[in-house]
Amino acid sequence: FTPMRDRLVFDLAAAYPSAGLTRLTREFLWEPKGNSARLTITDDFAFAEPKPFETALTTWGTCERVAPDRLRFTFEGKSVELRIRASAAWHLVEEKVEGNPMGAKWQALTPRRIAIRLDAPTQEGFIKIEG
């Protein structure tokens, strides 16, 4: 942690023992630069053999792909755009999250899991979300 950037890395491979992962790290990089502050989340992975891979974000709002490398999330009139970079081509998969655990205000909303899924199985690679 420094005044210019904070970096936190988790080794998550042991959390998925049946997946055949040889490496899975998730890095959070926070760069506070006034109005241009940026958070980057990177999943870096390797398997013993090619396998499917995805990472996901959860939202109560909407998500749309506004460019080949950009997603826009909108909720209650406010939006954020995220840049997605990956080691291979990817697509979005949206799923409803059942059993909303939030309070009464949120019960009328259905949270959704927005997966960024690589198009084909791969042995190693990354997915980076920047916003």
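**Strand pairing and salt bridges in the predicted model**

R23 is partly exposed at 29% relative accessibility, where buried denotes under 20% relative accessible area, exposed over 50%, and partly exposed the range in between (1.4 Å probe, protein chains only). The structure is a predicted model, in which local features need pLDDT of at least 70 and side-chain atom pairs count only at pLDDT 80 or more, while totals for chains, interfaces and linings use all residues. Residues are numbered from 1 along each chain as its sequence is written, and side-chain values use heavy atoms, with hydrogens and water left out.

The mean pLDDT (the predictor's confidence in each residue, from 0 to 100) is 90 for the protein, and 93% of the residues reach 70 or more. Where pLDDT is low, predicted coordinates should not be read in detail.

Strands are taken to pair if DSSP finds at least two bridges between them. Strand β3 (residues 38-51) pairs in the antiparallel sense with β2 over 10 bridges, and with strand β10 (residues 122-130), also in the antiparallel sense, over eight bridges. F28 has I41 in β3 as its bridge partner, and D44 stands opposite F126 in β10. Six residues lie between the strands in the β2 and β3 hairpin, where G34 takes a positive phi near 60°.

E31 lies in strand β2 (residues 21-31) and is buried, with a relative accessible area of 11%. The side chains of E31 and R38 are joined by a polar contact of 2.8 Å, that is, a pair of N or O atoms within 3.5 Å; within protein, one must be able to donate a hydrogen and the other to accept it, and residues adjacent in sequence count only if both atoms are side-chain atoms.

The structure holds 14 salt bridges, each defined as a side-chain nitrogen of Lys or Arg within 4 Å of a carboxyl oxygen of Asp or Glu. One of them joins R23 and E124, with the closest N and O atoms 3.6 Å apart. This pair links distant parts of the chain, R23 in strand β2 and E124 in strand β10, 101 residues apart. A further salt bridge joins the side chains of D43 and R26 (2.6 Å, N to O); D43 is buried at 2% relative accessible area, whereas R26 is partly exposed at 27%.

How values were computed. Helix = DSSP H or I, 4+ residues; strand = E, 2+ residues; numbered from the N terminus.
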